[in-house]
Amino acid sequence: MAAAACAAECGVRVGMVDDNPSLGGQIWRGESDGQHHPDASKWVRRVRRSGAAVLCGWRVVHQPEEGVLLAENLSGFCELKYGKLVLAPGARERFLPFPGWTLPNVMGAGGLQAMVKCGLPIRGKRVIVAGTGPLLLAVADYLRKHGAEIPLICEQACWRSLAKFGLALVRWPAKIVQGLRLKFDLAGVPLAANSWPLAAHGETTVERVTVSRAGRVEDIPCDYLACGFHLVPNIELPLLLGCAVGNGCVQVNEFQETTSSSVFCAGEPTSIGGVELALIEGQIAGLAAAGRTREARAWFEKRKKARGFAQLLDRTFRLRTELKSLSRSETVVCRCEDVSYSRLRQHTCWRSAKLHTRCGMGSCQGRVCGPMTQFLFKWKPDSVRPPVFPARVESLAALARQLEGQPTAK
Amino acid sequence: MHSEVTVTVNGAPVVVPSGTSVAVAIVMAGQACRRSVSGEPRGPLCGMGICFECCVAINGNRHVRSCQLLCEQGMEVATEKCIDE
């Protein structure tokens with residue numbers, strides 16, 4: 001949104017394609033009225049005023065040739081031509097397998113929040129929030145404000161690194177204010193460090209969760225388990241477009257330009273740093289793509305400071321090794337293809353596991369189990385192949401026609 | 001715009017506030033979105049279009065991520081269980 005608005009305000013022709021049903025990405029999902037985030041409505045208004053054409057509910061599945069993207073929605077597909085491209089595909093949650101994690105109503109922490117933002121009634125429901133990262137507190141606070149009861153927040157990091165995190169926040173006073181407000185709003189909700197889920201139990205949906213709470217095992221009844229282990233950058237589309245990736249993040253120069261010419265990238269794919277960093281990077285990318293490098297430069301200092309916060313997040317919420325041993329032999333790791341932990345353990349790399357077990361070859365294309373196996377077995381993902389998301393046959397047929405040199409239908 | 005919309009989930013009507021996603025309507029109807037390859041019931045996991053656990057058929061279009069789609073009046077939603085039956 002920041003990139004689109006800034007570029008369009010420079011007078012260039014801008015089109016914005018968003019996989020989500022409305023503007024705002026994940027953090028600002030359903031927030032265009034600005035009820036909880038005044039910044040969200042400010043940016044939505046700015047995008048609308050800027051004259052950028054907005055396509056919501058469309059996902060990019062392929063780049064059939066340089067400068068052309070193929071996108072589709074429920075009713076069909078279209079080709080989008082570009083001179084400059086800014087990618088901002090955001091991040092997803094990292095999930096870790098433990099017995100029962102595939103039960104309905106065990107969701108990501110951000111996942112459950114997204115569902116509530118999309119209308120899921122949560123009033124009076126008991127939600128255990130578990131995993132790692134600052135998102136847990138934000139989610140717990142959001143759910144509680146919507147009437148949920150939070151019996152426990154389990155954070156896998158230890159008190160020592162959380163305390164260090166708190167002290168280091170001195171460099172970002174706004175974050176301290178945010179943090180204190182969260183702490184105040186969450187008064188009465190137990191937050192346990194050194195704690196993580198061991199198993200989720202239930203017949204058709206989750207009914208109770210066994211947790212390791214600072215070394216003690218406890219059984220807690222619940223209606224939902226919201227569980228996410230920090231975030232993983234969405235780098236599949238940048239990889240498809242040939243952008244270099246290092247350490248799991250898209251590599252960019254000072255103007256947010258990737259190694260792929262005319263392709264820029266902003267936000268979580270370059271490093272998990274939160275909404276402030278994403279907005280700064282988006283503005284730099286939008287201005288630079290529109291040729292306003294001098295104005296883009298004005299944001300460099302702010303970006304440097306915000307990037308420091310990204311590094312702090314990375315240090316604080318590193319996963320502890322105990323989390324590698326939560327799975328039992330029969331625990332499903334790849335949800336799309338129901339591949340168990342014991343079947344995966346027999347393999348030495350991602351490719352071998354894919355070829356022999358179909359792990360990572362289902363609908364999500366390894367987006368869920370890829371980061372897991374990276375943590376569990378230190379496997380490295382393979383290259384990305386088109387289409388980057390499962391695509392409609394109609395879209396693929398159009399591609400095939402194009403390869404044969406025939407005109408496409410649309 | 002209506003403040004409420006009615007969709008059907010496996011033939012049964014569900015009334016939801018407008019702006020509700022199809023995935024939420026399915027959870028409110030007490031249905032699992034799909035059966036895994038070994039037959040386990042599955043519901044939404046990521047809520048943001050990544051995991052494909054919420055895929056259902058919408059008005060006969062199969063394999064649609066229900067978390068990324070808002071309910072529209074008269075929409076017919078079929079979970080995988082019902083498609084196979």
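Visitor: What is the order of strands in the open sheet of chain A?
Guide: Five strands line up as β8-β15-β9-β10-β11, paired in parallel. β8 (106–107) and β11 (191–192) of chain A sit at the edges with a single partner strand each, so one side of each has no neighbour in the sheet. By the way, this is a predicted model: local features need pLDDT of at least 70, side-chain atom pairs count only at pLDDT 80 or more, and totals for chains, interfaces and linings use all residues. Residues are numbered from 1 along each chain as its sequence is written, while chains are lettered from A and ligands numbered from 1 in the order in which they are written.

Visitor: What makes 153–155 of chain A a strand?
Guide: A strand is a DSSP run of E with at least two residues (a helix is a run of H or I with at least four), numbered from the N terminus. Residues 153–155 of chain A are strand β10, so that run meets the cut-off.

Visitor: How do you know that β10(A) is joined to β11(A)?
Guide: Strands pair if DSSP finds at least two bridges between them. Two bridges join these parallel strands, so they qualify. I153(A) stands opposite L191(A) there.

Visitor: What about β3(A) and β4(A)?
Guide: Four bridges join β3 (59–65) to β4 (68–72), which run antiparallel, and H62(A) has L70(A) as its bridge partner. Their hairpin has two residues between the strands, and G67(A) takes a positive phi near 85°. β4(A) also pairs with β5 (77–81) over five bridges, again antiparallel, in a hairpin with four residues between the strands.

Visitor: Why are 85 residues called a nonpolar core?
Guide: A nonpolar core is a set of buried Ala, Val, Leu, Ile, Met, Phe, Trp, Tyr and Cys residues joined through C-beta atoms within 7 Å. Buried means 20 or more other C-beta atoms within 10 Å of a residue's own (12 or fewer is exposed, in between is partly exposed), with C-beta atoms placed from the backbone. The largest such set has 85 residues, and V127(A), V129(A), L225(A), A226(A) and A25(B) touch the most other members.

Visitor: Which residues is V127(A) in contact with?
Guide: Contact means C-beta atoms, placed from the backbone, within 7 Å. Leaving aside neighbours within four places in sequence, V127(A) has contacts including L112(A), L143(A), I150(A) and Y224(A).

Visitor: How many residues of chain B are in contact with chain A?
Guide: 33 residues of chain B are in contact with 30 of chain A.

Conventions
Contact = placed C-beta atoms within 7 Å.
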